[in-house]
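Open the model in your viewer and switch to a cartoon view.

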Amino acid sequence: MKKSIALLAVLIIRCIGLAPVFAQTEDFQLLCKPNLGEYKIELTRYEESGRYQQDIAAAVAPAAAYLAQRVRQSGKLAIVLDIDETSLSNWPVIKADDFGFIPQGPCDLAADGLPAGACGWIDWISQARDKAIAPTLELYREARHYKAAVFFVSGRPEFLRQATQRNLRNAGYENWNGLVLKTGKESVSAFKTSARRKLAAQGYDIVLNVGDQDSDLVGGYADRTFKIPNPFYYIP
Ligand SMILES: [Mg+2]
């Protein structure tokens with residue numbers, strides 16, 4: 001909290017100082033935002049301090065409570081989970097790439113199993129080393145316990161299916177009902193909405209849909225949506 005107040009104070013001083021020069025132009029608005037380098041440092045602290053995991057737990061808790069309430073009713077119940085930064089964490093590659101997105105190229109590992117330098121996302125995902133996001137894994141287990149179906153709907157491309165299945169199992173997700181990956185060139189939100197529409201057409205009542213991006217959650221075909229935090233990247 002103290003850091004947030006200090007950062008706010010810096011921004012106010014910076015913006016007031018610049019105000020006579022720039023007035024309310026777009027450049028002024030941009031300069032009033034945090035410095036990119038400072039923001040990356042804050043994000044790293046946020047992840048590595050455990051606050052990110054606490055915020056995810058707080059976001060998933062109402063989903064778990066809602067599921068517990070809904071499973072008292074009969075029906076062909078299902079939940080939908082996104083994968084990256086919802087069910088599995090890519091923090092090692094996010095950090096190694098300094099919050100950039102480098103799809104191609106190798107991801108060589110150091111002795112500790114973490115990326116030794118800049119790391120290609122496709123190679124990283126192919127190595128199936130992501131760890132579970134614990135509150136989502138717990139929600140998954142509760143759904144399985146209640147005999148609700150679980151579907152993963154992910155924007156990962158189809159050619160990463162085997163690696164994704166291996167990673168989900170390694171991370172503790174087992175016996176899911178379906179894994180829907182992206183094959184076409186449609187937007188993420190259109191693809192995901194279509195996937196849920198097909199599940200609904202099969203008679204599933206999708207009681208909840210959990211994702212870290214708004215594009216995971218818009219488009220309907222879920223009784224409730226739950227957004228978990230992801231301050232690291234944005235998928236339109
Ligand atoms: Mg995601």
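Two strands pair if DSSP finds at least two bridges between them. Keep that in mind for the first stop. Note also that this is a predicted model.

Select Ile 79 and Val 150. Val 150, in β4, is the bridge partner of Ile 79. Now show β1 and β4 whole. These two strands pair in the parallel sense, over four bridges.

Widen the view to the sheet. Five strands make up an open sheet, ordered β5-β4-β1-β6-β7, with parallel pairing. Go to the edges next: β5 (178-182) and β7 (224-227). Each has a single partner strand, so one side of each is left without a neighbour in the sheet. On average, neighbouring strands here are turned by 20 degrees against each other, direction ignored.

Return to Ile 79 and look beyond its neighbours within four places in sequence. Which residues is Ile 79 in contact with? Select Leu 67, Ala 143, Ala 148, Val 150, Val 207 and Leu 208.

Now colour the largest nonpolar core, a set of 36 residues. Leu 67, Ala 78, Ile 79, Val 80 and Leu 208 touch the most other members. Elements that each supply at least two residues of this core include α4 (51-70), β1 (77-81) and α7 (134-145). Also among them are β4 (149-157), α9 (188-201) and β6 (205-211).

Last stop: a second, separate core of eight residues. Select Ile 94, Ala 96, Cys 107 and Trp 121, which are among its members.

Methods. Residues numbered from 1 in each chain as written. Predicted model: local features only at pLDDT ≥ 70, side-chain atom pairs only at ≥ 80, totals over all residues. Core = buried A, V, L, I, M, F, W, Y, C linked by C-beta atoms within 7 Å. Buried ≥ 20, exposed ≤ 12 C-beta atoms within 10 Å, placed from the backbone. Contact = placed C-beta atoms within 7 Å. Axes fitted to C-alpha atoms, helices over the stretch in contact; angles between N-to-C directions.
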